[in-house]
Amino acid sequence: MTQLSKHDEQYQAFLYQKNEKKLRNREAAHAINISEGEAIANCVGRGAIRLKNEFPSIIAEVPKLESVMALTRNEVAVHEKTGVYKNFSYEHVGLVVGPDIDLRIFFSQWKYGYAVEDKSGDGIQRSLQFFDAVGTAVHKIHLKAASNIEAWEKLVATFQDSNQAVGEVLSFSKKPEVFLADDEVDVDGFRNAWLKMVDTHDFFMLLKKYKLSRIQGLKFAPERHAYQVSNQSLRQMLTAAANDQTSIMCFVDSSGVIQIHTGPIKNVVEMGEWINIMDPTFNLHLRMDMIAESWVVKKPTDDGIVTSLELFDSSKTLVAQFFGERKPGKPELSTWRAIVEKLTLATEQIKETT
């Protein structure tokens with residue numbers, strides 16, 4: 001009897017978990033204690049094709065697939081948008097800026113890519129899947145019924161890597177960022193710089209300059225420019241926005257992509273611990289029980305104050321951000337600001353439960 005290799009054993013275990021327990025790839029991989037990227041690498045030659053490490057060139061060809069579903073997720077939130085990849089450009093950051101698919105892409109975090117074909121009761125499900133160095137998915141592109149299959153086949157043939165060996169050598173840790181201790185922070189300097197911001201994008205560089213984590217930045221913000229609200233605020237905000245059709249922006253990021261929805265939302269549905277937006281071209285799935293902190297943040301810009309709701313998990317990692325829809329040169333929507341002003345303060349929630 002031929003002894004199975006490690007990769008074959010993992011492949012068989014992965015298929016068993018996936019098929020017998022009806023799990024998604026990510027869930028099946030975690031059930032056998034491997035990353036999703038490692039699980040897909042074990043499927044090379046058996047439904048997965050390894051792609052060349054030419055990710056900007058691959059994304060530049062994705063518009064030819066026509067209508068697809070873009071998926072970006074983290075441990076808490078899953079963001080799905082259906083549409084066409086348009087206006088791709090790449091300098092320091094990759095950009096896809098279309099009416100439906102809106103992405104900021106950090107290719108330095110992309111390490112592995114695969115073309116995947118999954119057979120199911122619904123036929124063959126085709127996707128492009130990209131992973132970071134530790135095997136965590138950074139972005140996926142799923143073909144839909146309206147997608148161009150000929151363009152898919154050409155893309156896969158063009159970017160198929162010469163190495164189609166089973167398995168992948170993954171890193172097992174990421175180098176953590178180093179931040180200042182609270183008592184080392186130049187609080188006055190940071191607050192003055194905050195008040196001089198002219199664009200919301202200045203905030204990232206502000207944190208870098210003062211060597212602060214995002215949570216530290218919110219804690220040391222100028223008075224009333226950042227304050228903690230109830231972790232039920234997401235439900236309250238989504239319900240209010242859906243009811244009065246306030247157009248919102250929803251940002252969800254992985255380690256390598258920020259994916260953005262802009263527009264009104266309609267169908268807000270709760271299923272157990274998940275709260276969902278279930279609209280025709282936009283789905284959001286977010287674990288309410290994994291939100292550890294919720295903050296309202298106010299940033300000065302040339303167009304006035306811009307207000308966001310920011311959600312963090314237990315590791316103090318940002319998992320989702322929400323804004324009112326806005327464009328440069330226009331002030332924030334008054335309806336969005338009114339929704340945020342009604343959110344329950346975290347201190348009030350604590351008082352109610354004690």
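A salt bridge here is a side-chain nitrogen of Lys or Arg within 4 Å of a carboxyl oxygen of Asp or Glu. The model is predicted, so local features need pLDDT of at least 70 and side-chain atom pairs count only at pLDDT 80 or more, while totals for chains, interfaces and linings use all residues. Residues are numbered from 1 along each chain as its sequence is written, and side-chain values use heavy atoms, with hydrogens and water left out.

Start with the overall build. The protein has 11 helices and 18 strands. These are DSSP runs numbered from the N terminus: helices are H or I with at least four residues, strands are E with at least two. The radius of gyration is 22 Å, close to the 20 Å that the globule rule gives for 354 residues, so the protein is as compact as a globular protein of that length. That radius is taken over C-alpha atoms, and the rule is 2.2 Å times the number of residues to the power 0.38. Along the principal axes, the C-alpha atoms fill a box of roughly 70 × 45 × 40 Å.

Now the surface and the interior. The accessible surface comes to about 18100 Å², and 51% of it belongs to carbon and sulfur atoms. Areas come from the Shrake-Rupley method with a 1.4 Å probe; for residues, only the protein chains shown count as cover. Of the 354 residues, 49% count as buried. Buried means under 20% relative accessible area, exposed means over 50%, and partly exposed lies in between (1.4 Å probe, protein chains only). A contact means heavy atoms within 4.5 Å. Among contacts with a separation of 6 or more, 62% are between residues 24 or more positions apart.

Which parts of the chain does the R50 and E168 salt bridge tie together? The two side chains meet at 3.0 Å, N to O. R50 lies in strand β1 (residues 48-50) and E168 in the loop between α5 (149-159) and α6 (187-195), so the pair ties together parts that are 118 residues apart in sequence. Both R50 and E168 are buried.

E270 and R235 form another salt bridge, at 2.7 Å, N to O. This pair also links distant parts of the chain: E270 sits in strand β13 (residues 268-271) and R235 in helix α9 (residues 233-244), 35 residues apart. E270 counts as partly exposed because its relative accessibility is 44%. R235 is partly exposed too, with a relative accessible area of 26%.

D289 and R287 also meet in a salt bridge, at 2.7 Å, N to O. D289 is partly exposed, at 48% relative accessibility. Elsewhere, salt bridges that share partners join R214, K299 and E310 into one network. The salt-bridge count comes to 17.

Is E332 buried or exposed? E332 counts as buried because its relative accessibility is 10%. A polar atom of the E332 side chain lies 2.4 Å from the backbone nitrogen of T307. The side chains of E332 and R337 are joined by a polar contact of 2.8 Å. A polar contact is a pair of N or O atoms within 3.5 Å; within protein, one must be able to donate a hydrogen and the other to accept it, and residues adjacent in sequence count only if both atoms are side-chain atoms. Leaving aside neighbours within four places in sequence, E332 is in contact with I305, V306, T307 and R337.

Last, the cysteines. A search of the whole structure finds 0 disulfides (pairs of cysteine sulfur atoms within 2.5 Å). C43 is buried, with a relative accessible area of 8%. C250 is buried as well, at 0%.
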